[in-house]
Amino acid sequence: MFTSLKSKTFVFAALASSLIFSSCSDDKDKDPSYTVPQTYNFANVNYSGQTARINMLSELDAYIKTANNGDVLSAQKLKDMYANTNNRFSDQSLNTSGKQLKDKTILTAQSVFENYFDKVAQASQSAGLPAVEGISGGILTTADNKNYLVDANGVELAQVIQKGLMGAVFYFQAVDSYLTAEKTGEAVDNTNVTEGEGTKMEHHFDEAFGYFGAPIDFPANLNNLKFWANYSNQLDSRLNSNKTMMDAFLKGRAAISAKDKAAKDAAISTIRSEWERIVAASAIHELNAAKTNLADQAKKSHYLSEAIGFVMSLQYKTDRKLTNTQYNQVMSAIGTNLYETDAADIAAAIDVLSAAYGMDTIKAQL
């Protein structure tokens with residue numbers, strides 16, 4: 001169609017006016033000149049406390065799993081490691097770090113985990129004996145004779161504790177503390193820089209990144225992934241969570257330094273929602289593994305226990321998608337006696353989680 005020169009001139013002028021208006025409007029809220037780096041290599045970054053707690057959970061978990069080899073556990077040692085008292089870590093830098101897992105655990109769950117420490121220590125009294133329903137002890141996988149310590153109900157408490165603390169400390173602190181208005185909202189200081197830590201807002205955001213457990217060049221670098229970053233990577237083929245999480249962490253940190261509120265808020269929203277998806281998908285992943293190992297009680301108990309810890313973790317985000325009713329439905333389906341949990345129970349738990357998180361199309365592949 002032929003367009004007159006006059007019409008073209010009018011359209012161009014209107015478009016230019018629109019672009020100028022948009023640019024001026026955006027400039028009120030952000031500095032358009034900043035760039036987002038390819039790695040988490042910003043000035044004044046420090047998340048050493050988060051790294052210390054990740055290493056503490058690694059040592060705590062390793063100690064509990066010595067019971068799989070027949071060792072008897074000390075409940076007091078477990079509680080000391082949890083609260084970082086009495087120099088219980090083999091890594092001396094952890095003993096003197098001034099950090100602990102307990103005081104960063106959501107308050108409502110601290111006594112829950114201390115009770116688990118008592119239970120796993122008690123179960124380890126029978127670590128050298130075979131487990132049967134109603135009696136704790138070691139239970140062997142049928143294929144490779146791998147031994148897991150389980151309680152009288154077939155629960156591998158080591159897995160519940162590890163996955164549960166991943167949620168009650170790392171996930172909770174990141175999504176329900178650091179990535180909230182209290183720690184990264186506009187009332188938080190983003191002007192005064194502390195050498196080595198940045199502004200308070202920058203530092204809080206860095207601490208959330210530290211709890212994710214990824215290297216600064218993730219996901220190009222998949223070495224030495226810790227806890228949540230490791231599970232993100234395991235699920236990445238279905239969730240694309242590696243890129244989603246890292247892009248948001250990089251954009252969010254750059255936006256904070258550039259005073260770009262809109263981009264910061266968008267990145268935080270992405271991280272909080274995607275991390276919750278990772279937790280839910282991790283639970284479904286373990287439930288699927290249990291469903292394919294029904295004939296091997298050791299593996300069934302192992303995977304169901306991991307799922308229990310992940311489902312527990314979903315509680316620790318205030319605005320979670322999983323309702324309390326749905327949470328209770330999932331836990332009820334899994335049951336408290338894992339010897340009795342069957343394929344229908346596991347499928348029911350998967351279905352509730354999948355429906356809550358919109359994963360029906362991928363649930364079988366997780």
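Trainee: Is His-204 buried or exposed here?
Mentor: This is a predicted model, and in it His-204 counts as buried because its relative accessibility is 14%, which falls under the 20% cut-off.

Trainee: And where is His-204 found, and what does it touch?
Mentor: His-204 is found in helix H8, and, leaving aside residues up to four places away in sequence, His-204 touches Tyr-178, Lys-183, Thr-184 and Val-188.

Trainee: How many salt bridges does the structure hold?
Mentor: The structure holds 17 salt bridges. Among them is the one in which the side chains of Lys-65 and Asp-61 meet, at 3.0 Å from N to O.

Trainee: Why does Lys-65 count as partly exposed, and what about Asp-61?
Mentor: Lys-65 has a relative accessibility of 25% and therefore counts as partly exposed, whereas Asp-61, at 10%, counts as buried.

Trainee: Moving on, what does Arg-272 pair with?
Mentor: The side chain of Arg-272 meets that of Asp-319 in a salt bridge, at 3.0 Å from N to O. This pair also links distant parts of the chain, with Arg-272 in helix H12 (residues 261-291) and Asp-319 in the loop between helix H13 (297-314) and helix H14 (324-334), 47 residues apart.

Trainee: Which residues are in the network with them?
Mentor: Salt bridges that share partners join Arg-272 and Asp-319 with Asp-176, Glu-276 and Lys-317 into one network. As for accessibility, Arg-272 is buried, with a relative accessible area of 13%, while Asp-319 is partly exposed, at 43%.

Trainee: How do H12 and H13 pack?
Mentor: H12 and H13 pack at an angle of about 160°, with their axes 8 Å apart, and the two helices are therefore roughly antiparallel to each other, as the angle is over the 145 degrees that this class requires. Their crossing is left-handed.

Trainee: Which residues make that contact?
Mentor: On the H12 side they include Glu-276, Val-279, Ala-283 and Leu-287, and on the H13 side they include Lys-300, Tyr-303, Phe-310 and Leu-314. The residues of the contact of H12 with H13 divide into twelve nonpolar, two polar and four charged.

Trainee: One more residue: where does Arg-320 lie, and what does it touch?
Mentor: Arg-320 lies in the loop between H13 and H14, and, not counting residues up to four places away in sequence, Arg-320 touches Glu-276, Leu-314 and Gln-315. Arg-320 counts as partly exposed because its relative accessibility is 25%.

Trainee: What separates the C-alpha atoms of Arg-320 and Tyr-357?
Mentor: They are separated by 9.9 Å, and the two residues are 37 residues apart along the chain.

Definitions and conventions
Residues are numbered from 1 along each chain as its sequence is written. This is a predicted model: local features need pLDDT of at least 70, side-chain atom pairs count only at pLDDT 80 or more; totals for chains, interfaces and linings use all residues. Side-chain values use heavy atoms; hydrogens and water are left out. A salt bridge is a side-chain nitrogen of Lys or Arg within 4 Å of a carboxyl oxygen of Asp or Glu. Buried means under 20% relative accessible area, exposed over 50%, partly exposed in between (1.4 Å probe, protein chains only). Helices (H or I, at least four residues) and strands (E, at least two) are DSSP runs, numbered from the N terminus. Axes are lines fitted to C-alpha atoms, for helices over the stretch in contact, and angles run from 0 to 180 degrees between N-to-C directions. Angles under 35 degrees count as roughly parallel, over 145 as roughly antiparallel, 65 to 115 as roughly perpendicular and the rest as oblique. A crossing is left-handed if the near helix is turned anticlockwise from the far one by less than a right angle, and right-handed if clockwise. Contact means heavy atoms within 4.5 Å. Ala, Val, Leu, Ile, Met, Phe, Trp, Tyr, Cys and Pro count as nonpolar, Asp, Glu, Lys and Arg as charged, and the others, Gly among them, as polar.
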